[in-house]
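Take a look at the model first, and then we can walk through it.

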Amino acid sequence: LARLRAIDDSEKIAFGQAEKDAEIKRTEEWLARDRVQNERLADMEAQVGAWVPPTSEHRGLKDFMLDQIKISKNDLNYLQKSLTEAKAKPPLAYYVAAISGAKRDVDYYAEENAKEIEQTNGRNEWIRQLRASI
């Protein structure tokens, strides 16, 4: 948090641009991965669709496979929307988000540290009482 707050305006923009570029790259990779997976699922769906079950008792298996393929397909709309938003977001917004995230982390870990100290003090007191009683 202190490091982020200490940088000047040009460094804020550079930091934000680096974060933006990383998010765009990451989202494009996820989108490409999900497209490939959807293509494989479409191939499987075609194969299962063409399969003729040997008996009526096997029909349920075919239906089950088709249902599983259907629910396994990735909805690319969410990633496409995320990519569009990432490209439109200004670099400074990424800097502001990093500041916000760092503040949240500091608050969270300070609270967790206080809990741990309290718990350790309680355990130490328990040990002290045990030793005193022996």
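Helix axes here are lines fitted to C-alpha atoms over the stretch in contact, and the angles between N-to-C directions run from 0 to 180 degrees. Please keep in mind that this is a predicted model.

| Helix pair | Angle between axes | Axis distance |
|---|---|---|
| α2 and α4 | about 160° | 9 Å |
| α2 and α5 | roughly 95° | within 7 Å |

Helix α2 covers residues 9–50 and helix α4 covers residues 76–88; they pack at about 160°. Angles over 145 degrees count as roughly antiparallel, so α2 is roughly antiparallel to α4. The crossing of α2 past α4 is left-handed. On the α2 side, the contact includes I24, W30 and L31, while α4 contributes residues including L76, L79 and L83. Sorted by class, this contact holds seven nonpolar, four polar and six charged residues.

The axes of α2 and α5 cross at roughly 95°, which means that α2 is roughly perpendicular to α5. Here K12, I13, F15, G16, Q17, E19, K20 and E23 of α2 meet P91, L92, Y94, Y95 and A98 of α5. Their contact divides into seven nonpolar, two polar and four charged residues.

Now for the nonpolar cores. The largest one is made of seven residues: L4, I7, F15, Y95, A98, I99 and A102. Helix α5 (residues 91–133) gives the most to this core, with four residues. Apart from this core lies another, of six residues, among them L31, L79, A86 and Y94.

Note on methods. Residues numbered from 1 in each chain as written. Predicted model: local features only at pLDDT ≥ 70, side-chain atom pairs only at ≥ 80, totals over all residues. Heavy atoms only, no water. Helix = DSSP H or I, 4+ residues; strand = E, 2+ residues; numbered from the N terminus. Parallel < 35°, antiparallel > 145°, perpendicular 65-115°, else oblique. Left-handed = near helix turned anticlockwise from the far one by under 90°. Contact = heavy atoms within 4.5 Å. Nonpolar A, V, L, I, M, F, W, Y, C, P; charged D, E, K, R; others polar. Core = buried A, V, L, I, M, F, W, Y, C linked by side-chain atoms within 4.5 Å. Buried < 20%, exposed > 50% of the residue type's maximum accessible area, 1.4 Å probe, protein only.
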